[in-house]
Amino acid sequence: MWAKLRTTLARRRLRPEWLGLLDTPTDEYVSLDCETTSLNVREAEILSIGAVRLTPGHIHASESLYLLVKPERLPEPGSVVVHGLRPSDLSDGLPPAEAVSRLLEFIGGRTLVGYYLEYDVAVLNKYVRPLIGTGLPQPQVDVSGLYYDWKLKQTPNGYVDLRLQSILDELHLPSLGRHDALTDAITAAVIWQAMASRGHPG
C-alpha cells in the first residue's frame with residue numbers, strides 16, 4: 001500500500017524527462033554505496049558513488065559505476081583515514097549534480113539495494129530532489145534489515161549484531177578488503193544474494 005502511494009506521489013512530482021525512473025524491471029537491481037564527508041545527513045557531502053547491477057544469482061561486475069565527486073568543501077586530512085579519499089583525489093571529481101545525473105541514468109527504475117541504505121538515499125536526495133522534482137522513487141531494499149529479520153526468526157528476542165563484518169562472518173561470506181564505494185556496493189550485493197538464497201530477497 002505504502003509503496004503504491006509513494007509511486008503515485010513520485011509520478012506527480014517527477015519531471016517528465018525522468019518518468020522512466022518509475023519503470024521498475026522485474027528481477028533487476030542496483031546495489032549502491034556512497035562515501036561522504038560526514039555521518040550527519042544535513043552536513044554530509046558526497047565524495048564518491050559506487051553502484052553495480054545485479055539479478056538473482058548473478059552480480060554483473062562488468063556493469064558497474066564508480067564516480068568521484070568534488071564537494072564544496074574538500075575533506076579535512078583527518079577524515080581521509082575513514083574514506084581514503086585525499087583532496088587531490090577529489091580535485092578533478094565531477095560536480096555533484098552531474099554525478100547524480102549519471103547515477104540516475106545508470107539505475108533507471110531498478111530496485112535499490114544497500115547496507116544501511118537509508119543513509120545513502122537521504123544524502124543523495126539532497127542532490128536528487130532539485131534535479132528531478134522528488135527523492136529517489138525506486139523501491140529500496142536494505143540488506144541489514146533483511147539480515148535482522150532472518151536472524152530474529154532464528155533467535156527470537158536475541159541480540160542481532162548488524163556490523164558489516166559480523167554479517168559477513170555469520171553468512172560465511174568473504175570480505176573484499178579494499179574499502180571504497182564500489183567495493184562496498186558489491187559487498188552489499190553479495191549479502192543480498194546470500195539472503196535471497198535463504199528466502200529473504202526483500
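**Close-up views around helix 8**

**View 1. D180 caps the N-terminal end of helix 8 (residues 181-197).** A side-chain oxygen of D180 lies 3.1 Å from the backbone nitrogen of L182. Helices here are DSSP runs of H or I with at least four residues, and strands are runs of E with at least two, numbered from the N terminus. The model is predicted: local features need pLDDT of at least 70, side-chain atom pairs count only at pLDDT 80 or more, and totals for chains, interfaces and linings use all residues. Residues are numbered from 1 along each chain as its sequence is written, and side-chain values use heavy atoms, without hydrogens and water.

**View 2. Helix 8 is mostly covered along its 17 residues.** G199, with a positive phi near 85°, follows helix 8.

**View 3. Helix 6 (residues 143-154) packs against helix 8 at about 35°.** The two axes, lines fitted to C-alpha atoms over the stretch in contact, are 9 Å apart. V143, L146, Y147 and W150 of helix 6 meet A188, I191, W192 and M195 of helix 8, contact meaning heavy atoms within 4.5 Å.

**View 4. D33 sits in strand 1 (residues 29-36).** D33 counts as buried because its relative accessibility is 10%. Leaving out residues up to four places away in sequence, D33 touches residues including D120, D180, A181 and D184.

Terms used. Axes are lines fitted to C-alpha atoms, for helices over the stretch in contact, and angles run from 0 to 180 degrees between N-to-C directions. Buried means under 20% relative accessible area, exposed over 50%, partly exposed in between (1.4 Å probe, protein chains only). A polar contact is a pair of N or O atoms within 3.5 Å; within protein, one must be able to donate a hydrogen and the other to accept it, and residues adjacent in sequence count only if both atoms are side-chain atoms.
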